[in-house]
Amino acid sequence: MEKKYKTGNLRSALWLLSLTTVLFAPVVSSIDDKCAACKAVAVELEIGLSNEKPKNDLDMRYRLNSKGQREGKVIDYRVSELRVVDLLDGLCDKMQDYTLEELDSGKEEWIKVRDWDSLKTDKQAAKAHSKAISTFCGRLLEETEDELSERIKVGSIQVGGVSKVLCQDLTKYCISLGNSKRIDDGEL
C-alpha cells in the first residue's frame with residue numbers, strides 16, 4: 001500500500017509540473033527582450049547608487065604591534081568589497097517589484113509596480129513576470145559579477161551610466177546585431 005501511495009504522489013507531482021510548465025512557459029520565455037530587462041536591472045542599480053549615503057573608511061587595523069600601535073589598513077569605503085556587496089545584495093529581490101506592461105503600441109515594457117492590488121492586468125501573469133525578471137537578474141549578476149564589481153570599485157559606474165556599462169559594455173544585450181550600432185540608452 002505504501003508503494004502505491006508514493007507512486008500516486010509522484011504522478012501528482014509530475015502532472016503538476018507538466019501543468020505548470022505548459023501554463024508558464026510563455027512567461028519564462030518572455031525575457032526575449034534581454035536589453036529591456038537589463039535596463040530595468042540597471043535602473044534599480046542606479047537607484048541604489050543614488051541612494052548611497054557617504055560612509056566612513058573601513059578601519060582594518062585590529063592588531064597591535066609590540067609597541068602597542070595598531071597595524072593594518074584603512075580602506076576607502078568607495079573602493080571596498082563591502083560597498084559592492086551593499087549595492088548588489090538584494091538587487092534581484094527588488095526586481096520582484098517589476099512586471100511587464102503592454103503599451104498601446106503593442107510593445108512591452110518593464111515597470112515597477114507600486115501597488116499590486118491596483119494592477120489592472122492578470123495578477124498571476126504579472127507575478128510570474130516578476131519572478132522571471134528576478135531570475136534573469138540573478139543570471140545577469142552571475143555572468144558579470146567580477147567585471148561589475150571591479151568597475152564599481154574603480155568608480156567607472158556612476159549614476160546615469162549604469163545601463164551603458166551593464167547592458168552594452170559587459171553583456172552586449174543592447175547592441176544591435178545587424179550593424180553593431182548601439183541602441184539608445186533612454187530611461188525605461
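# Loops, helices and salt bridges

Q: Which loop holds asparagine 56?
A: This is a predicted model, where local features need pLDDT of at least 70, side-chain atom pairs count only at pLDDT 80 or more, and totals for chains, interfaces and linings use all residues. Residues are numbered from 1 along each chain as its sequence is written, and side-chain values use heavy atoms, leaving out hydrogens and water. Helices (H or I, at least four residues) and strands (E, at least two) are DSSP runs, numbered from the N terminus. On that numbering, asparagine 56 belongs to the loop between α2 and β1 (58–59).

Q: How far apart in space are the C-alpha atoms of asparagine 56 and tyrosine 77?
A: Along the sequence, asparagine 56 and tyrosine 77 are 21 residues apart. From C-alpha to C-alpha, the separation in space is 6.5 Å.

Q: What share of the chain's 188 residues counts as buried?
A: Start with the surface: the chain exposes about 12800 Å², with carbon and sulfur atoms supplying 52% of that. Those areas come from the Shrake-Rupley method with a 1.4 Å probe, and for residues only the protein chains shown count as cover. As for the residues of the chain, the buried share is 31%.

Q: Which residues does glutamate 44 touch, not counting those up to four places away in sequence?
A: Glutamate 44 is part of helix α2 (residues 34–50), and it is buried because its relative accessible area is 5%. A contact means heavy atoms within 4.5 Å. By that rule glutamate 44 touches Leu91, Lys94, Met95, Tyr98 and Lys112.

Q: What N to O distance goes with the salt bridge between glutamate 44 and lysine 112?
A: Side chains of opposite charge can pair when their charged atoms come close. For a salt bridge, a side-chain nitrogen of Lys or Arg has to be within 4 Å of a carboxyl oxygen of Asp or Glu. The side chains of glutamate 44 and lysine 112 meet in one, with an N to O distance of 3.2 Å.

Q: How many residues apart in sequence are the parts that glutamate 44 and lysine 112 tie together?
A: The two side chains form a salt bridge. Glutamate 44 is in helix α2 and lysine 112 in strand β6 (residues 108–112), so the pair ties together parts whose separation in sequence is 68 residues.

Q: Which residues are linked with Arg151 in a network of salt bridges?
A: Arginine 151 and aspartate 169 meet through their side chains at 3.8 Å, N to O. Arginine 151 lies in helix α5 and aspartate 169 in helix α6 (residues 162–170), so this pair ties together parts 18 residues apart in sequence. The side chains of lysine 164 and aspartate 169 also meet in a salt bridge, at 3.1 Å. The network partners of Arg151 are therefore Lys164 and Asp169.

Q: Which residues form the negative surface patch?
A: Patches take residues with over 30% relative accessible area and no salt bridge, joining like charges within 9 Å and nonpolar side chains (Val, Leu, Ile, Met, Phe, Trp, Tyr) within 5 Å. Lys and Arg count as positive and Asp and Glu as negative, with His and the chain ends not counted, and a charge is placed at NZ of Lys, CZ of Arg, CG of Asp or CD of Glu. One of the members, glutamate 102, lies in strand β5 (residues 98–102) and is exposed at 56%. The patch is made up of Asp32, Asp33, Glu101, Glu102, Asp104 and Glu108.

Q: What is the phi of lysine 172?
A: Lysine 172 is in the segment after α6 and counts as partly exposed because its relative accessibility is 47%. Although it is not a glycine, lysine 172 has a positive phi of about 65 degrees.

Methods
Buried < 20%, exposed > 50% of the residue type's maximum accessible area, 1.4 Å probe, protein only.
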